[in-house]
Amino acid sequence: FQEYDVAPNDKEAQKRILKELDEGDYVDRQPLTKETTPKEALASLETRDATYRFFLENLGLTQAHRAHLMEIRGMSKLDIAEFGFRSMPTAGQSRLITKKLISAGYSTKGVPGFYTEKGRPVFNTYHQGILLPVLSSDGKIQGFQVKKDKPDPKYVFLSSGSDFMENGAHAESWTHNLNSKNAQHVFITEGVLKGDVIFSQLRKE
């Protein structure tokens, strides 16, 4: 831990973090023109699911996020593990996990949330909060919604389609599917987390 007489600004802090991570020089993220910000076509569901699951395996859940899910939302520890809730990583954490992901042979090409800086795959950590997996009808992870720590809006789909994110991929507003083998009714609601909470409560009855 290093003390400062004067707090460094964001750019100075990022330069120092990147130096510690041996990630090279700081890159000022100025919006680029559409001609210089190529985007990737959306990766297959199988590719996204595999990459996202590896990423989740290397993430944790903060005490504050766990308390919110259990005390406010009524989730159990089993629910949290089953639904795959995780806390959004910091920029430094995400770089280390992404390196590990690439070394393990997973692809980030066309996977929303990932893009490149100076040719290196990186992960979009702009929206801090709880990562909520969005599942397909056969249980694969299509993408993520983020319950933001600082709402306005409260929820966003994790994407890497912004102008300054080279080789990123746009997210879609995917439909979240939760299936029960013995289900006799279909419930339609708004939002990933709300659906998870309702599913969790109904199966306890």
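Buried residues account for 37% of the 205 residues in the chain. The model is predicted. The accessible surface comes to about 12,700 Å², and carbon and sulfur atoms hold 50% of that area. Of the contacts between residues at least 6 apart in sequence, 67% join residues at least 24 apart.

The chain contains 6 helices and 6 strands. Read from the N terminus, the order of elements is α-α-α-α-β-α-β-β-β-β-β-α.

**The sheet and the hairpin**

An open sheet is formed by 4 strands in the order β1-β4-β5-β6, with antiparallel pairing. Its edge strands are β1 and β6 (155-157), each of which pairs on one side only. Strands of a sheet pair through backbone hydrogen bonds, either parallel or antiparallel. Within this sheet, β4 and β5 run antiparallel and are joined by 7 bridges.

Strands β2 and β3 pair with each other in the antiparallel sense, over 4 bridges. Glu 117 has Arg 120 in β3 as its bridge partner. The hairpin of β2 and β3 has 2 residues between the strands, and Lys 118 takes a positive phi near 55° there.

**Helix α2**

Helix α2 (residues 45-57) has 13 residues. From its first C-alpha to its last, α2 reaches 18 Å, close to the 18 Å expected at 1.5 Å a residue. The helix lies across β1, β4 and β5, and runs at about 45° to β5.

Which residues of α2 are buried? They are Arg 48, Asp 49, Thr 51, Tyr 52, Phe 54, Phe 55 and Leu 56. An α-helix has 3.6 residues a turn, so residues three or four places apart point the same way. The cover over the buried residues of α2 includes β1 (86-87), α5 (91-103), β2 (114-117), β3 (120-123), β4 (129-135) and β5 (141-148).

**Aromatic pairs**

The count of aromatic pairs comes to 9. A pair of aromatic rings is described by the distance of the centres and the angle of the planes. Two of the pairs are set out below.

| Pair | Centre to centre | Angle between planes | Class |
|---|---|---|---|
| Tyr 52 and Phe 144 | 4.6 Å | 70° | edge-to-face |
| Phe 55 and Phe 123 | 4.4 Å | 35° | tilted |

Tyr 52 in helix α2 and Phe 144 in strand β5 are 92 residues apart, and their pair links distant parts of the chain. Both Tyr 52 and Phe 144 are buried.

Phe 55 lies in helix α2 and Phe 123 in strand β3, so their pair ties together parts that are 68 residues apart in sequence. Phe 55 counts as buried because its relative accessibility is 0%. Phe 123 also counts as buried, at 4% relative accessibility. Together with Phe 114, Phe 55 and Phe 123 form one aromatic cluster.

**Ser 94**

Helix α5 contains Ser 94. Why does Ser 94 count as buried? Its relative accessibility is 2%, and buried means under 20%. Leaving aside residues up to four places away in sequence, Ser 94 touches Phe 55, Pro 89, Phe 123 and Thr 125. Among these, Phe 55 and Phe 123 form the tilted aromatic pair in the table.

Definitions and conventions: Residues numbered from 1 in each chain as written. Predicted model: local features only at pLDDT ≥ 70, side-chain atom pairs only at ≥ 80, totals over all residues. Heavy atoms only, no water. Buried < 20%, exposed > 50% of the residue type's maximum accessible area, 1.4 Å probe, protein only. Contact = heavy atoms within 4.5 Å. Areas by Shrake-Rupley, 256 points an atom, 1.4 Å probe, with all protein chains shown as cover. Expected span 1.5 Å × (residues − 1). Pairing = 2+ DSSP bridges. Axes fitted to C-alpha atoms, helices over the stretch in contact; angles between N-to-C directions. Phe/Tyr/Trp six-rings, centres within 6.5 Å; stacked < 30°, edge-to-face > 60°.
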